[in-house]
Amino acid sequence: MGKYIVAITACPTGIAHTYMAAEKLALVGKEMGYEVKVETQGTSGAQNILSEDDIARADGIILAVDKEIDESRFAGKQVLKTSVGKAIREPHELIENAVNKTNTVKISAKKGEEQNTISSKGVKSIYKHIMAGVSYMLPIVVAGGILTALSFAFGIYAFQEEGSLAWAFFQIGASGALGLMVPVLSAYIAHSIADKAGFAAGLVGGWLANSVGAGFLGGMLAGFIAGYVTLFLNKSIRLPVTFRGIKDILILPILSVAIVGILMLYVIGTPIKALNSSITDLLTALSGGSIIIMGIIFGILYWDLGGPFSKVLYAFAVGMIAEGVYEPMAAVIVCGMIPPLGIAVATFIRPQLWTQQQKEAGKASLFLGLSYITEGAIPFAAESPLVVIPSCVIGGAVGAIVSMAMNTGIVAPHGGIFLLLIPNAVHNPVGFLVALVIGTIVTALTVTVLKTYDMKRK
């Protein structure tokens, strides 16, 4: 009888890596003759949830996660901890290690019980905290951006007519959803650091960041301050167990909200507002050589194909939407669509360079690219990194440069080619398509040349 493997996959934003890792583990596990069940913790919540019976009878447990998850269910079990990226690239090795208990760790009962307490959080990766905030903020920004764009479909100034449908879409999208973007980001950064106790101070800090003009950068900073201030207060204030409820409900919220609020109003808000304005002015005034430099930077940062560097760049572009600057978002989306699209085209123009399996993957990569899922290029990059990664960087940089040179802007931070179906979601749709096509062709040709040379060399 085959072994039984259970796993959890979870990436910071819960969009693509989470499901790609789950699919890869399930597919490879089946090929190895094992039964595999994978729980995914994505933006829509946990799916295919592991039961107590699943965990109890598992011969191997894999946690392929890049964010904090509740490990209490696995107390007393040997668990293999890894990243979602490695689950995509090396599923066979991970499954074998999980079954053979190689490089596994035992989850202690004590750790399992304390997993979600504030004291267990400590100082973690800045990137993980930011992505925790972004993952909760993203649906709000997408909804807000698209509804705002729809309000302009009735006419550029139609939203000014109070009571009209255009006015309603604008109120819901721009005033409502996008107005909540920074507070939600800040609240969940603080939540990632200090759990529930940090949420109130993070939410208030983010709202104040908006009100004083500190925007996205101020909201991020407010989230970190709220999280670590709450963490410090929680560890420093020691009360008898009978007064713990008072501490959680009364003392921590009042002190943390007051401290964060005072800092935002009197210390941090003004300089962050000035910095934010400088960045906005710089991006608004981009021209000539500065566009080329910015495009090259965008292309280089997308070298990890949807990984940490790409997501930091993406978070920056989302922040610019809040400031009314839409060109960076367009350039970032172009950068993210080009790698899978370019590779897909490369498999079509020179099919003899690719195996049958790669050609089939190329078809899937085409649809992933059109949907702005950069991770569709990862399987190809894992097999030929020196061929694929430079090609994607070059094509992405070219696409970003063309996008910014043609003043292309996007008001919604996701959706890929389908944003063209929404009126006014894309400013200068022709520029968007031109940038996408040029970048895709550059990547496809570069991949073809490098792969041809690589095969001849071998």
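So, the surface to begin with: the chain exposes about 20,200 Å² of accessible area, and 65% of that belongs to carbon and sulfur atoms. Areas here are Shrake-Rupley values with a 1.4 Å probe, and for residues only the protein chains shown count as cover.

Keep in mind that this is a predicted model, where local features need pLDDT of at least 70, side-chain atom pairs count only at pLDDT 80 or more, and totals for chains, interfaces and linings use all residues. Residues are numbered from 1 along each chain as its sequence is written, and side-chain values use heavy atoms, with hydrogens and water left out.

Now the overall fold. We have 17 helices and eight strands; those are DSSP runs numbered from the N terminus, H or I of at least four residues for helices, E of at least two for strands. The radius of gyration is 24 Å, close to the 23 Å from the globule rule for 458 residues, so the chain is as compact as a globular protein of that length. That radius is taken over C-alpha atoms, and the rule is 2.2 Å times the number of residues to the power 0.38. The C-alpha trace spans about 75 × 65 × 40 Å along its principal axes. Of the 458 residues, 50% are buried, where buried means under 20% relative accessible area, exposed over 50%, and partly exposed in between.

Let's go to Thr9. Thr9 sits in strand β1, residues 4-10, and is buried, at a relative accessible area of 0%. What does its side chain reach? The backbone oxygen of Thr18, at 2.8 Å. Beyond four places in sequence, Thr9 is in contact (heavy atoms within 4.5 Å) with residues including Ala21, Leu25, Val38 and Val84.

Next, Leu233, in helix α9, residues 215-236. Is Leu233 buried or exposed? Buried, at 10% relative accessibility. Apart from neighbours within four places in sequence, Leu233 is in contact with Leu252, Leu255, Ser256 and Ile259.

Last one, Ile249. This residue belongs to helix α10, residues 244-284, and counts as exposed because its relative accessibility is 68%. Together with Leu239, Phe243, Ile246, Leu250 and Ile254, Ile249 makes a nonpolar surface patch of about 580 Å². Patch residues have over 30% relative accessible area and no salt bridge, with nonpolar side chains (Val, Leu, Ile, Met, Phe, Trp, Tyr) joined within 5 Å and like charges within 9 Å. A salt bridge puts a Lys or Arg side-chain nitrogen within 4 Å of an Asp or Glu carboxyl oxygen.

How values were computed. Buried < 20%, exposed > 50% of the residue type's maximum accessible area, 1.4 Å probe, protein only. Polar contact = N/O pair within 3.5 Å; in protein donor to acceptor, adjacent residues only side chain to side chain.
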